[in-house]
Amino acid sequence: MIPIVSQESNAREASPRSNARSESASTTRHMESIHALCNEIDRPFEELAALYQWELARLTAIASVWDYLPVLVVKHVREIYRHR
């Protein structure tokens, strides 16, 4: 399984248990997005996971709100494959 950049690293202070649940939910969302892209684009999981991770890290670095990052990352990955 690929490591997913934690979007919640800059989130408000919370208990360790709450952070673990939040990170787990975030990872699940990202994995579901990658699997959906695999079905849609018909490319290997590893290939799309690497590109998704790269794009997620790039957008996380400049984002001020992380709620829509999975949607934006999927959109960008689609655009990259559309232009290949």
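**Reading the helices, core and loop**

Q: Which residues are buried in helix 2?

A: In helix 2, the buried ones are L48, A49, L51, Y52, Q53, E55, L56, L59 and T60. Buried means under 20% relative accessible area, exposed over 50%, and partly exposed in between (1.4 Å probe, protein chains only). Before going on, note that this is a predicted model, with residues numbered from 1 along each chain as its sequence is written. Local features need pLDDT of at least 70, side-chain atom pairs count only at pLDDT 80 or more, totals for chains, interfaces and linings use all residues, and side-chain values use heavy atoms, leaving out hydrogens and water.

Q: How many helices and strands does the chain have?

A: Helices (H or I, at least four residues) and strands (E, at least two) are DSSP runs, numbered from the N terminus. Here you get 3 helices and 0 strands, and the pattern along the sequence reads α-α-α. Of the chain's 84 residues, 31% count as buried.

Q: Where is confidence lowest, and where is it highest?

A: The chain averages 83, and 76% of the residues score at least 70. Confidence is lowest in helix 1 (residues 16-41), at a mean of 84, and highest in helix 2, at 96. Watch residues 6-13, though: pLDDT stays under 50 there. Where pLDDT is low, the predicted coordinates should not be read in detail.

Q: What span is expected for helix 2 and what does it reach?

A: The expected span is 1.5 Å times one less than the number of residues. Helix 2 (residues 45-62) has 18 residues and reaches 26 Å from its first C-alpha to its last, close to the 26 Å expected. Helix 3 (residues 69-82) has 14 residues and reaches 20 Å, close to the 20 Å expected.

Q: Why do the buried residues of helix 3 line one face?

A: An α-helix has 3.6 residues a turn, so residues three or four places apart point the same way. In helix 3, the buried residues are L69, P70, V73, V74, V77 and Y81. Seen down the helix 3 axis, they fall within an arc of 130° (taken from the directions from the axis to the C-beta atoms), so they line one face. The face turned away from that buried side carries exposed V71 and R82.

Q: What is V77 in contact with?

A: Contact means heavy atoms within 4.5 Å. Leaving aside neighbours within four places in sequence, V77 is in contact with L37, L48, L51, Y52 and E55. V77 is buried at 0% relative accessible area. V77 and I34 are 43 residues apart in sequence, yet 9.7 Å apart in space, C-alpha to C-alpha.

Q: Which residues touch the most other members of the largest nonpolar core?

A: A nonpolar core is a set of buried Ala, Val, Leu, Ile, Met, Phe, Trp, Tyr and Cys residues joined through side-chain atoms within 4.5 Å. The largest one has 16 residues, of which I34, L37, L48, Y52, V73 and V77 touch the most other members. Helix 1, helix 2 and helix 3 each supply at least two residues, and helix 2 gives the most, with 6.

Q: What about the phi of D42?

A: Most residues other than glycine have a negative phi. D42 has a positive phi of about 60° although it is not a glycine. D42 is found in the loop between helix 1 and helix 2 and counts as exposed, at 64% relative accessibility.

Technical notes. pLDDT is the predictor's confidence in each residue, from 0 to 100.
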